[in-house]
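The sequence and the structure are shown first.

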Amino acid sequence: MKLTVNKEQIIEGLLKAVAIIPAKAGAQYLRSIWLKAEDGGLSVMSTDANIEFTGRYQAEVAQPGLIGVQGRAFVDLVRQLPSGVLHLSLDEASGNLLVEQGRRTYKLPVSGAEWFQNFSSFPEENTVTWSGDFLQDLLDKVAFCISDDDAMDAIACLCMMPKGNGRIDVCGLNGHQFALVSFTHDELAERLPEEGILIQKKYLQDIKKWLGVDEIELSITGKRLYLRSMSKAETLSLPRATHQYPDYSIFMSKLASEDMHPMTLDRKEAMEALGRILIFNTESDRCTYMDLSSGEALLSAQGQDVGSASESLEVTYGGDIKRIAFPTRNLMDVLAHFVSGKTDMMLTGAEGPCGIRGADDPDYTVIIMPMKVSETTYYSEEDV
């Protein structure tokens, strides 16, 4: 293998590739970035045995070839080199990859082509064009509500579900919070299977790192989800999870029941008040209590070692729930994902699911469970 390439043309792809490979664990094949020189281009490939990245970049290829190089060392070296032309070649005598730039020469050990396992190819049929920045926004709004525990099966996954007439639900659930974004995309809705698709949370960060603001191509097979840049230079593919997602319509329907009473408040004022209340939370009592009346929500917290706090918020409320409690940090996190100046907290009971929506956040709902208040214990989390 022998080629010449400009650092600026490959560095972004190398950073995306190295973000996927395992840091220490795994076979050498998995810790390698694979370099394939052919047909006037350099392909950069990496995998952790599940998610796969392939990028193809312009290069002057004098001799084709395929090698694997220790991923993190190679990327660290290229990243720290000055801008300009790099000469990459395989030294047949020593079996090392030579990286040369001006008077600089570096040698890195390689894995031979016999260790390479072919990556899955992007399926050209049934391709859908989608907005990269819209997908990025979806992930931001939903991922924080997905369980971090892989053992939790379906609720450790993002769900994308077709709902008819071109509508699609994207949602995440962790047992005490639920986030849902609905949107319309006729072509994508047609490609989604009836049962939807599930993507494990651990892959979402890799998707976000790869995504830009440009449009992308998307394709779905029975086992994998494929994303590709419109230039066809970069492809990311990842496995679909096979779990069955819970029926979230059960608790969404409670937000439309006659027992639901909305409370409207100023989002910024509420977040600032909760930030101060948080100071007075303790490990044994980490919630904010709300005593509610028609025009006021009295927020309070009391910690045995840190004292007590009480703040009054002006609200619009006409329900019959007099007292309710929420985990302070979780409620702050939920409100932070909205942009609306005013938000509606849809209360269904002192221990029932509370939905949150905002006028400037169309088709976006987050549900948070209140804390159960009793005389013997301060609270316990209830599952959605």
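The text below treats domains, nonpolar cores, cavities, pockets and a few individual residues.

**Basis of the model**

This is a predicted model, in which local features need pLDDT of at least 70, side-chain atom pairs count only at pLDDT 80 or more, and totals for chains, interfaces and linings use all residues. Residues are numbered from 1 along each chain as its sequence is written, and side-chain values use heavy atoms, with hydrogens and water left out.

**Domains**

The domain assignment of the protein gives domain 1 (2–115), domain 2 (127–241) and domain 3 (248–368); such bounds come from an automatic or database domain assignment. Between the C-alpha centres of domain 1 and domain 3 the distance is 51 Å.

**Nonpolar cores**

A nonpolar core is a set of buried Ala, Val, Leu, Ile, Met, Phe, Trp, Tyr and Cys residues joined through side-chain atoms within 4.5 Å. Buried stands for under 20% relative accessible area, exposed for over 50%, and partly exposed for values in between (1.4 Å probe, protein chains only). In soluble globular proteins, nonpolar side chains tend to be buried together.

The largest nonpolar core of this model has 95 residues, and F74 and L188 have the most contacts inside it. With 5 residues, helix α1 (residues 7–18) gives the most to this core. Helices (H or I, at least four residues) and strands (E, at least two) are DSSP runs, numbered from the N terminus. Leaving aside residues up to four places away in sequence, F74 touches L14, L35, V69, L88, L97, V99 and L108; contact here means heavy atoms within 4.5 Å. There is also a second, separate core of 19 residues, which includes A154, A241, M346 and I367.

**Cavities and pockets**

Both kinds of space are found on a 1 Å grid over the protein atoms alone: a cavity is a set of points where a 1.4 Å probe fits but cannot get out, a pocket is an open set with protein on both sides within 12 Å along at least five of seven lines, and lining residues have an atom within 4 Å of a point. Grid points are joined across faces, edges and corners, and a volume is the space filled by probe spheres set on the points. For the classes in the table, Ala, Val, Leu, Ile, Met, Phe, Trp, Tyr, Cys and Pro count as nonpolar, Asp, Glu, Lys and Arg as charged, and the others, Gly among them, as polar.

| Space | Volume | Lining residues by class |
|---|---|---|
| Largest cavity | about 120 Å³ | 13 nonpolar, no polar, no charged |
| Second largest cavity | about 60 Å³ | 5 nonpolar, no polar, 3 charged |
| Largest pocket | about 390 Å³ | 6 nonpolar, 8 polar, 7 charged |
| Second largest pocket | about 230 Å³ | 5 nonpolar, 3 polar, 6 charged |

The count of cavities of 30 Å³ or more is 3. Of the 13 residues that line the largest cavity, L135, L158, M160, I207 and L225 lie nearest its centre. Elements that give two or more residues to this lining include α4 (132–142), β11 (157–164) and α6 (204–210).

The second largest cavity is lined by K16, A19, I20, F53, D206, K209, W210 and L236, and α6 gives the most to this lining, with 3 residues. Because domain 1 (2–115) and domain 2 (127–241) both give residues to the lining, the second largest cavity lies between them.

The largest pocket has 21 lining residues, with M45, T54, F119, S120 and S121 nearest its centre. Strand β4 gives the most to this lining, with 5 residues. Domain 1 (2–115) and domain 2 (127–241) each contribute at least three residues to the lining of the largest pocket.

In the second largest pocket, 14 residues form the lining, and K16, W210, G212, D214 and S229 are the closest to its centre. At least two lining residues come from each of α1, α6 and β15.

**Individual residues**

T264 belongs to strand β18 (residues 261–266) and counts as partly exposed, at 24% relative accessibility. T264 and M345 are 81 residues apart in sequence, yet 6.3 Å apart in space, C-alpha to C-alpha.

Most residues other than glycine have a negative phi. D153, in the loop between α4 and β11, has a positive phi near 55° and is partly exposed, with a relative accessible area of 41%. N165 also has a positive phi, of about 55°; N165 lies in the loop between β11 and β12 (167–173) and is exposed, with a relative accessible area of 80%.
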